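Visitor: I would like to go through this model and hear the grounds for each label. Please set the values against the definitions.

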Amino acid sequence: MRIVVCLKQVPDTREVRIDSRTGNLIREGVPSIINPEDKNAVEEAVRLKEKHGGDITVVSMGPLQAEDVLREALAMGVDRAFLLSDKLFAGSDTSATSFTLGLAIRKLGEFDLILCGREALDGNTAQVGPQLAEYLNLAQITCVRRIEIGDGTVRVERLVEDGYELVETSLPALLTVVKDINQPRIASIDQIMESYREKEVSIWGADQLGCEAGAFGLQGSPTRIRKASVAELKARKTEYLEGPAKEVAGILVEKFNRKHLI
Amino acid sequence: MFAEQKEGRLRRVALELLGKGRELADILGAELTAFLLGYRVEGLGRELISYGADRVLLADDEILEYYRTDTYAGVITGQISRLKPEIFLAGATCVGMDLAPRIARRLDTGLTADCTDLGIDGDARLLLQTRPAFGGNIIATIVTPGHRPQMATVRPRVMKSLPADTGRKGDIVRVPVSPVAGDMRVKILDIVKEARKGSNLEEADIIVTGGRGVGAPEHFKLLEELAAVLGAGLGASRDVVDAGWISSVHQVGQTGKTVRPKLYIACGISGAVQHLAGMRDSEIIVAINSDPGAPIFQVADYGVVGDLHRVVPALTGALINYKSSGP
């Protein structure tokens, strides 16, 4: 099986704090990590390779420091890594990102399956996967929590609000995976060392992708950020209910009743 | 807008979108059209009009009975290319988040996900698309200046639907459905409902959530009983999910679900920013925590500084008495 996985390096937004004095985001000390659901995608690719044989290529669009997450993927068992990095890619929205990734994947040759994490911790759009599938004219299935490869086909469990759907399509196809799909392995020290010594991360810029500069980055993005501000936490005036539990319970029931909640 | 229906019933977010769409259309002096796709769903057309649509485009065919990306995207992009709307909206549901990016890419236009507010910059007829980003730590306003339609998916339970006006006039227009062979490449083999107790949090009007203060996985039973008598969903903080006390489908917070119920009862929840991100827009928040300094009290309407192992069963008992005493 030839599998391509798309990866993103993101700040761990779960660890971001807001400075209560200034109201600004505290970004110092927030680690850059592999987007968690992309890590699930890498793990799933490695499991599929262990089961069906083949090879795995990871592709990421980002600044040069994103090489770290590609090394992490190589350590987990990926075979080749490509970092798409160029000043021209800066300011890309999901449309420009999916276009850039798509151009690179086209250059990689044939593949059976593309795996993406469903959503990134920083952008939170869940759009790149589907937009990439459209660009490459592939069938897409999103929110996948279980994958089974058949004879030229893939069968998945797609998570929906009230349960799941059992869906099948022929390969090649693109799947976006959710964290429920697996628990990613932790690479051993040997594997990490090997990923730096033996394996290669190739870096491609706009020139290698062969397209006019205006199609990339901010210029190639139909959306623009007009304004961004730190989310405010609106404090509420708290009415404290005191007394023994039974009394407090009675007061709450009365309040729920008055507000037509029960 | 995309009027999402499931099993022959309109999803609530479709009505919310009509409410917001009506407001935007009136500002722009434009027509509001609802795209209704499905099989044997004509009856929903009148409902869409009563909730604010001027026109309903109905694509009714057996191949549209269950949502699939290619069949739905094919019909919708065809109609958008024909009608050339300025704005196209969908709910940020499982379907919407699968469908909208496909459409936007095919039409080479901009799409903003999970908007919590929409407005109009009148002079430029620009849609102002406001949404949380960076894990909910930032609120951003996005515009699509040079491409059309301006597309956005909208977070459910944030916009308000209008009251139904059955006297409202509107047209229902049937459009042809002519799939190409490639549209049928995905097959749905089965649809399985997993009615996990109290896990459909996005739809719940009341949610009871437990955090580390619950103490042990067995003690979640106290919250389950409270949730049962309230007909509420059962939520959990990331800590207790990571500790394996309860399944991740119950997780509320930045990396879990975002909920907006009428009543949110937080038991033994400290109120970390990441948890608040998932529930801070609840209408009424009740916090029960033995630590008076817990940050959760900053966003609570009602605070109980006490032991949840006493307060929660007391509340359950009081509610049972209340319900049995009848109206």
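Visitor: How many helices and strands are there in chain B?

Guide: Chain B has eight helices and 17 strands. Helices (H or I, at least four residues) and strands (E, at least two) are DSSP runs, numbered from the N terminus. This is a predicted model, where local features need pLDDT of at least 70, side-chain atom pairs count only at pLDDT 80 or more, and totals for chains, interfaces and linings use all residues. Residues are numbered from 1 along each chain as its sequence is written, chains are lettered from A and ligands numbered from 1 in the order in which they are written, and side-chain values use heavy atoms, with hydrogens and water left out.

Visitor: Why does the radius of gyration of chain B agree with a compact globule?

Guide: The radius is taken over C-alpha atoms, and the globule rule is 2.2 Å times the number of residues to the power 0.38. For 327 residues a compact globule would have a value near 20 Å; chain B has 22 Å, so the two agree. The C-alpha atoms of chain B fill a box of roughly 65 × 45 × 40 Å along the principal axes.

Visitor: Why is Ala3(B) called buried?

Guide: Buried means under 20% relative accessible area, exposed over 50%, and partly exposed in between (1.4 Å probe, protein chains only). Ala3(B) has 0% relative accessibility, so Ala3(B) counts as buried. Its place is in the segment before strand 1 of chain B. Of the 327 residues of chain B, 60% count as buried.

Visitor: What makes Phe2(B) and Tyr72(B) an edge-to-face pair?

Guide: Rings of Phe, Tyr and Trp (its six-membered ring) pair if their centres lie within 6.5 Å; planes under 30 degrees apart count as stacked, over 60 as edge-to-face and the rest as tilted. The search of the whole structure finds eight aromatic pairs over all chains. Phe2(B) and Tyr72(B) are 6.1 Å apart centre to centre with 80° between the planes, an edge-to-face pair. This pair links distant parts of the chain, 70 residues apart: Phe2(B) lies in the segment before strand 1 (5–6) of chain B, and Tyr72(B) in helix 3 (residues 69–83) of chain B.

Visitor: What values describe the pair of Tyr67(B) and Tyr72(B)?

Guide: Tyr67(B) and Tyr72(B) are also edge-to-face, with 5.0 Å centre to centre and 70° between the planes. Tyr67(B) counts as buried because its relative accessibility is 11%. Tyr72(B) has a relative accessible area of 3%, so Tyr72(B) is buried.

Visitor: How do you know that Lys107(A) lies over the face of Trp204(A)?

Guide: A charge sits over a ring if NZ of Lys or CZ of Arg is within 6 Å of the ring centre and within 35 degrees of the ring normal. Lys107(A) lies over the face of Trp204(A), at 5.4 Å from the ring centre.

Visitor: What makes strand 16 and strand 17 of chain B a pair?

Guide: Two strands pair if DSSP finds at least two bridges between them. Four bridges join strand 16 (residues 284–289) of chain B to strand 17 (residues 302–305) of chain B, and the two run parallel. Within strand 17 of chain B, Gly303(B) is the bridge partner of Ala287(B).
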